[in-house]
Amino acid sequence: MIRYTLRCTAAAHGTAPHEFDSWFKDSDGFDKLTAAGMVQCPACGGSKIARALMAPAIPKKGRPARNAKPEALPPAPVPEAPQAAAAGPMPPQVMALLQRIRAEVEKSCDYVGQDFAEEARKMSRGESERRGIYGEASESQAEELREEGIEVGRIPWVPRSDA
């Protein structure tokens, strides 16, 4: 594994390009993923990505490299009750990611509104064509679907991006 410091070269930033780190199997893996447009800036979603200038990580004898893959840690304990999100503004990277998710859901799935739970059941029973759907469901409706073995997921529904 290799860690690269990357720079988003999309022209939309105005002043300074975004920089972020990412891990790749090897240099060729980075080149292939970048050429396919599959490496995206977590801040703005841009796919014009280049390697930034970085110092090599050469380990001293007996010491792991600075960017060496960390040893596996034991899994974090699962909280017994859902935790409330911290108050404050949402980081721009998270907002950009959620806006991209929303755009993809709206482009690829059918909106079924308040009929979400019933439509999910119809698809599960084979009474309706299986396809991606989204809509509204209460927490209890979502839990009932899960208990029936129907996979559902919830994502924060943020305002659309201006782009």
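The legends below describe close-up views of side-chain contacts in a predicted model.

View 1. Lysine 107 is exposed, with a relative accessible area of 65%, whereas glutamate 104 is partly exposed at 40%.

**View 2. Arginine 160 and glutamate 106 form a salt bridge between parts of the chain that are 54 residues apart in sequence.** The N to O distance between the two side chains is 2.8 Å. Because arginine 160 lies in the segment after α4 (139-147) while glutamate 106 belongs to helix α2, the pair ties these two parts together. Arginine 160 is exposed, with a relative accessible area of 55%, and glutamate 106 counts as partly exposed at 23%.

**View 3. Glutamate 127 and arginine 125 are joined by a salt bridge.** Their side chains meet at 3.0 Å, N to O. Glutamate 127 has a relative accessible area of 54% and is therefore exposed, the cut-off being over 50%, whereas arginine 125, at 47%, is partly exposed.

**View 4. Salt bridges link four charged residues into a network.** The members of this network are Glu139, Glu143, Arg146 and Arg154.

**View 5. Tyrosine 111 and tyrosine 134 form an aromatic pair.** A search of the whole structure finds five aromatic pairs, and one of them brings together tyrosine 111 and tyrosine 134 in a tilted arrangement, with 5.3 Å from centre to centre and 55° between the planes. This pair links distant parts of the chain, since tyrosine 111 is in strand β4 (residues 110-113) and tyrosine 134 is in strand β5 (residues 133-135), 23 residues apart. Tyrosine 134 has a relative accessible area of 18%, which is under the 20% cut-off, and so this residue counts as buried.

**View 6. An aromatic cluster includes tyrosine 4, over whose face arginine 51 lies.** Ring pairs link Tyr4, Phe24 and Phe30 into the cluster.

Note on methods. Residues numbered from 1 in each chain as written. Predicted model: local features only at pLDDT ≥ 70, side-chain atom pairs only at ≥ 80, totals over all residues. Heavy atoms only, no water. Buried < 20%, exposed > 50% of the residue type's maximum accessible area, 1.4 Å probe, protein only. Helix = DSSP H or I, 4+ residues; strand = E, 2+ residues; numbered from the N terminus. Phe/Tyr/Trp six-rings, centres within 6.5 Å; stacked < 30°, edge-to-face > 60°. Lys NZ or Arg CZ within 6 Å of the ring centre and 35° of its normal.
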